[in-house]
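Please read the following walk through a single protein chain with its coordinates open beside you.

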Amino acid sequence: MRLGAERICMPAPTVEQFVEAVKATVLANRRWVPPPNNGFLHIRPLLMGSGSVLSVTPATEFVFLIYVTPVGNYFEGGIKPIDLVVENDIHRATPGGVGGIKAIGNYASITKAQARAKANGFSDVIYLDAVHKRYLEEVSTGNIFVVKDKTIITPELSGTVLPGITRKSIIEIAPTEGFQVEERPVAIEELFEADEVFCTGNAICLLHVGSITYKGKRVSYRESGLGNISRHLFSILRNIQMGLVEDKMGWTCILI
């Protein structure tokens, strides 16, 4: 939030203010936290310009708030593979833009491609870089990872890829499980040689990709171990989030 706010000329709360706001909001809404294994309380921090300015200039006033809502279990019956299609014409972000921050405007640019993909039976879209139209960037609302042998590869943070928190968590967990992690440009051709592919995001956590279609060519990962590596990493991260194992990463905060 602090990096994003600086990019679009907004003041940001301090880390201490942010954490205390999350704690206070969660405690005030504790009665809405679903029982274990029946969902979770989704936390959405928001920073909005609210000043009375009608021109293309930074806002004069701002609102920082924490929005929470109970949601059901995204993974009822287990993690189900998703089917993706590579987008050739529409780009999520361009160099020098705001693709690398959590800005609401980023969602407007993906709506048409996502709707078209879902109408054609796909779960979501993989976007390519706007310069070469060859390198992977993201799916609509999450980061993407490619697995080959014991190496896990994800597009580097070059200003057009969101530095997702779940992305960062997987990058830190993977080496503790014996995997090498590479952050670098990932060419579209690497998808056709991968052992498996998965996506990460705040709400989805981690989803295994079942197939990817690019210019009419489809590659399936359903028979390559059924996402054994992504399922393993998902289990580790989920157990930390749910307090089922010791948090050796120091990520969790006990409120009550």
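S169 lies in helix 5, where helices (H or I, at least four residues) and strands (E, at least two) are DSSP runs numbered from the N terminus. With a relative accessible area of 10%, S169 is buried, a term that means under 20% relative accessible area, whereas exposed means over 50% and partly exposed lies in between (1.4 Å probe, protein chains only). Not counting residues up to four places away in sequence, S169 touches L237 and W251, contact being defined as heavy atoms within 4.5 Å. The model is a predicted one, in which local features need pLDDT of at least 70 and side-chain atom pairs count only at pLDDT 80 or more, while totals for chains, interfaces and linings use all residues. Residues are numbered from 1 along each chain as its sequence is written, and side-chain values use heavy atoms, with hydrogens and water left out.

Helix 5 spans residues 165-173, and its buried residues are T166, R167, S169, I170, I171 and I173. These buried residues pack against strand 6, strand 7 (151-154), strand 8 (180-183), strand 9, strand 10 (205-214) and helix 6.

Strand 7 holds I152, which is buried at a relative accessible area of 1%. Once neighbours within four places in sequence are set aside, the contacts of I152 include F145, F179, F198, I229 and L233. The C-alpha atoms of I152 and E183 are separated by 8.7 Å, although the two residues are 31 apart along the chain.

Two of the contacts of I152, F145 and F198, also form a ring pair: their centres are 4.9 Å apart and their planes are at 5 degrees, so the pair is stacked. The rule behind this takes rings of Phe, Tyr and Trp (its six-membered ring) as paired if their centres lie within 6.5 Å, and calls planes under 30 degrees apart stacked, over 60 edge-to-face and the rest tilted. Distant parts of the chain are linked by this pair, since F145 belongs to strand 6 (residues 143-148) and F198 to strand 9 (residues 196-201), 53 residues apart. Both F145 and F198 are buried. By the same rule the count comes to two aromatic pairs.

Rings also meet charges here. The charged end of K150 sits over the ring of F179, 4.0 Å from its centre, and that of K217 sits over the ring of F192 at 4.5 Å from its centre; the criterion is that NZ of Lys or CZ of Arg is within 6 Å of the ring centre and within 35 degrees of the ring normal.

Two loops deserve a look next. T160, in the loop between strand 7 and helix 5, counts as buried at 4% relative accessibility, and beyond its neighbours within four places in sequence it is in contact with residues including R92, P95, G99 and E138. In the loop between strand 10 and strand 11 (217-220), K215 has a positive phi of about 50 degrees although it is not a glycine, and at 64% relative accessibility K215 counts as exposed.

Another residue that is not a glycine, C9, has a positive phi of about 60 degrees and is found in the loop between helix 1 (2-7) and helix 2 (15-28). Finally, L244, in the segment after helix 6 (228-241), is exposed, with a relative accessible area of 61%.
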